[in-house]
Amino acid sequence: MKKGNNIILIGMPGAGKSTIGVILAKVKGYNFVDTDLVIQEKEGRLLHDIIASEGTDGFIKIEEEVNASIVCDKTVIAPGGSVIYGPKAMEHFKEIGTIVYLKISLKVLKKRLGDLERRGVVLKDGQTLTDLYNERVPLFEKYADITVDEEDCSVEETVKCILNVLKQR
């Protein structure tokens, strides 16, 4: 089966998936989908409200179902950072496109992120941002077709880097 022509951006909250995704989509002439917005629309409530009422496991189940059902073509997809907890969604993404991991250090991440709860970040009770980072990085690396280290890059530089790597594939 031929791999789809979508680009899926994965990474920590605050890595710039949505921001970079919109610009990348414009440059390539692709559509753009932020799956957090798709989840909110489908559920009729904000991410942090879903997490508050369903718990982290319930939210991850909803997120996996929504992401695994996305059907698109020539689209940049920006799923939430917790998408990597849903193997069914990640297998689907592998089939429909190229998964690009936007790698960022914990230090830069801490600078970028504000209120994690209001942002709808999936944290287990007592889990810190450092714990979350250490738990997720190996999963991002496992699923990535391409890794782009955006440590000292502007949004434009990151987009350019993604385009260059995709061109070489």
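Helices and strands are DSSP runs, numbered from the N terminus; a helix has at least four residues and a strand at least two. This briefing concerns a predicted model. It covers the residue Glu150, found in the loop between β5 (146-149) and α8 (155-168), the packing of helix α2 (residues 35-43) against helix α3 (residues 47-68), and the salt bridges, of which the structure holds five.

**Glu150**

- Glu150 has a relative accessible area of 2% and is therefore buried, since buried means under 20%.
- Apart from neighbours within four places in sequence, the contacts of Glu150 are Ala15, Ile20, Leu102, Lys103, Ile104, Arg112 and Thr158.

**Packing of α2 and α3**

- Two packed helices are described by the angle between their axes and the distance between the axes.
- For α2 and α3 the angle is about 110°, and the axes lie 11 Å apart.
- The two helices, α2 and α3, are therefore roughly perpendicular to each other, as angles of 65 to 115 degrees are classed in this way.
- The crossing in which α2 passes α3 is right-handed.
- On the α2 side, the contact is made by Thr35, Asp36, Val38, Ile39, Gln40, Lys42 and Glu43.

**Salt bridges between separate parts of the chain**

- Glu65 and Lys88 form a salt bridge in which the closest N and O atoms are 2.7 Å apart.
- Glu65 belongs to helix α3 and Lys88 to helix α4 (residues 87-96), so this pair ties together parts that are 23 residues apart in sequence.
- Both partners are partly exposed: Glu65 has a relative accessible area of 41%, and Lys88 has one of 40%.
- Asp145 and Lys94 also meet through their side chains in a salt bridge, at 2.8 Å from N to O.
- Because Asp145 lies in the loop between α7 (129-143) and β5 while Lys94 lies in helix α4, the pair ties together parts that are 51 residues apart in sequence.
- Asp145 counts as partly exposed at 25% relative accessibility, and Lys94 counts as partly exposed at 28%.

- Within a salt bridge between Arg45 and Glu43, the closest N and O atoms are 3.0 Å apart.
- Arg45 is partly exposed, with 24% relative accessibility; Glu43 is partly exposed, with 22%.

Terms used: Residues numbered from 1 in each chain as written. Predicted model: local features only at pLDDT ≥ 70, side-chain atom pairs only at ≥ 80, totals over all residues. Heavy atoms only, no water. Axes fitted to C-alpha atoms, helices over the stretch in contact; angles between N-to-C directions. Parallel < 35°, antiparallel > 145°, perpendicular 65-115°, else oblique. Left-handed = near helix turned anticlockwise from the far one by under 90°. Contact = heavy atoms within 4.5 Å. Buried < 20%, exposed > 50% of the residue type's maximum accessible area, 1.4 Å probe, protein only. Salt bridge = Lys/Arg side-chain N within 4 Å of Asp/Glu carboxyl O.
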